[in-house]
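Good morning, colleagues. Please look at the sequence and the structure on the screen, and I shall guide you through some of its elements.

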Amino acid sequence: MEKTKKTTEEKMKKTVKALQDEFKSVRTGRASSALFDKILVDYYDKKVPLNQVATISVPEARLVVIQPWDRSVLAEIEKSIQKSELSVNPNNDGKVIRINIPPLTEERRREMVKLAKNMGEKSRVSIRNIRRDANEEFKKLQKKSEISKDEAKRAIEDTQKLTDSYIEQINRLLEAKEKEILEI
């Protein structure tokens, strides 16, 4: 029973962490190196994450500077950024790539909020599925007479409290992300 409780909490933690990571890729009106976390660059016939071939810095609120360690990969970095879903235009000066992050239009902000809400809802559904699996496990243990009816009931109540707390975390993350997207 304790193993099931621990596994349930671990899965819920991972779900919240995954949402945080997913939110990093949602573009706001502000520059962030996290926007480029999922970009892969062709480097000697291998797909390599951008941050493994270059330094990504944010010197200003709306500017990202990407400085490759090997200048020969500059064109590949530029191509990868153009192909990405970021909708930004890299400016290559032969040494570094500068990317101005334009402010989001009102329509684009609403789209981003909608995307963030969908991500949040998927995470909440995931948490509820984890709860359901744990509750089924407790009921199985009760049927096998490994735990008493009271222990099963208590475990299910504890799982519900855990679920509520993780759903609340997701809601707070979503609220913060919405605020970040909507601020001008």
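I begin with a contact between two helices. Lys5, Thr8, Glu9, Met12, Lys13, Val16, Leu19, Gln20 and Phe23 in α1 meet a set of residues in α4 that includes Ala155, Leu162, Tyr166, Ile170 and Lys177; contact here means heavy atoms within 4.5 Å. By class, this contact of α1 with α4 has ten nonpolar, five polar and five charged residues. In that count, Ala, Val, Leu, Ile, Met, Phe, Trp, Tyr, Cys and Pro are nonpolar, Asp, Glu, Lys and Arg are charged, and the others, Gly among them, are polar.

A word on the source: this is a predicted model, in which local features need pLDDT of at least 70 and side-chain atom pairs count only at pLDDT 80 or more, while totals for chains, interfaces and linings use all residues. Residues are numbered from 1 along each chain as its sequence is written, and side-chain values use heavy atoms, with hydrogens and water left out.

How are the two helices placed? α1 and α4 pack at an angle of about 10°, with their axes 11 Å apart. Therefore α1 is roughly parallel to α4, a term for angles under 35 degrees, with over 145 counted as roughly antiparallel, 65 to 115 as roughly perpendicular and the rest as oblique. The axes are lines fitted to C-alpha atoms, for helices over the stretch in contact, and angles run from 0 to 180 degrees between N-to-C directions.

Helix α1 itself covers residues 2–24 and spans 34 Å from its first C-alpha to its last, close to the expected 33 Å. That expected span is 1.5 Å times one less than the number of residues. Helices (H or I, at least four residues) and strands (E, at least two) are DSSP runs, numbered from the N terminus. Among the buried residues of α1 are Thr4, Met12, Val16 and Phe23; buried means under 20% relative accessible area, exposed over 50%, and partly exposed in between, with a 1.4 Å probe and protein chains only. The cover over the buried residues of α1 includes α3 (106–143) and α4 (149–182).

Which loop holds Phe36? Phe36 sits in the loop between α1 and β1. Its relative accessible area is 1%, so Phe36 is buried. Phe36 touches Leu50, Ile56, Val64, Ile66, Ile81, Leu86 and Ile99, leaving aside residues up to four places away in sequence.

Next, the strands, which pair if DSSP finds at least two bridges between them. β1 and β2 run antiparallel, joined by four bridges, and Val41 stands opposite Val48 in β2. They form a hairpin with two residues between them, and Tyr44 in the turn has a positive phi of about 50°. Asp45, in the loop between β1 and β2, also has a positive phi, about 60°, although it is not a glycine. Asp45 is exposed, at 81% relative accessible area.

Strand β4 (residues 63–68) has five of its six residues buried, so it is largely enclosed by the rest of the structure. Five bridges join β4 to the antiparallel strand β3, and four join β4 to strand β6, again antiparallel. Val65 stands opposite Ser57 on one side of the pairing, and Arg98 is its bridge partner in β6.

Lastly, Ser145 lies in the loop between α3 and α4. Ser145 has a positive phi near 60° and, at 61% relative accessibility, counts as exposed.
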